[in-house]
Amino acid sequence: MSIQMNGLTDFQKDLFDVATKDLPNEAPKLMRKIGSKARTTVAKKSRSLVKKKTGGYHKKWKRGKVFVGYNGDLVVRVYNSSPHAHLVEDGHWMVDHDGNRTGKFVPGKKPLDKGMRDFETSGDIEVETVKWLDELLRKKKL
């Protein structure tokens, strides 16, 4: 999933381009902040969609490290590290302890996709980017 910034003015977009090219050590800080906000939003969404049995699924939402993606862009991942997260996300067949199907398919709840859609439409990306640019201007790094 890619994140688009729509709420920035042309001047802010130019500042963002200059900041990411001239200050390569500062951009990962912004990505970590945005990733943490995305993790919070996705975790809240998953709490509303998925029933809590032991809480293991809800406690395992994590933000990964910032890295350079395929297109040369900075990327940060949000993921769930619980062993059954893929079953909740994508759905699964009900099976007994021997691995035999009992016949019922449980559809996936897709909390990651729905949470990321909510995060992208919330405007938090633009707010954090503007705060970051203001901070760089205040510190006279730009």
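Not counting residues up to four places away in sequence, H58 is in contact (heavy atoms within 4.5 Å) with S46, R47, V50, K51 and K52. H58 belongs to helix α3, residues 56–59, where helices are DSSP runs of H or I with at least four residues, strands are runs of E with at least two, and both are numbered from the N terminus.

The model is predicted, local features need pLDDT of at least 70 and side-chain atom pairs count only at pLDDT 80 or more, while totals for chains, interfaces and linings use all residues. Residues are numbered from 1 along each chain as its sequence is written, and side-chain values use heavy atoms, with hydrogens and water left out. The pLDDT, the predictor's confidence in each residue from 0 to 100, averages 89 over the protein chain, and 94% of the residues score at least 70. Mean confidence is lowest in helix α1 (residues 10–22), at 82, and highest in strand β1 (residues 61–63), at 97.

Helices α2 (residues 27–49) and α6 (residues 124–138) have axes that come within 10 Å and cross at roughly 150 degrees. The two helices are therefore roughly antiparallel (angles over 145 degrees; under 35 is roughly parallel, 65 to 115 roughly perpendicular and the rest oblique). On the α2 side, A27, L30, K33, I34 and K37 meet I125, E128, T129, W132 and E135 of α6. This contact comprises five nonpolar, one polar and four charged residues.

Note on methods: Axes are lines fitted to C-alpha atoms, for helices over the stretch in contact, and angles run from 0 to 180 degrees between N-to-C directions. Ala, Val, Leu, Ile, Met, Phe, Trp, Tyr, Cys and Pro count as nonpolar, Asp, Glu, Lys and Arg as charged, and the others, Gly among them, as polar.
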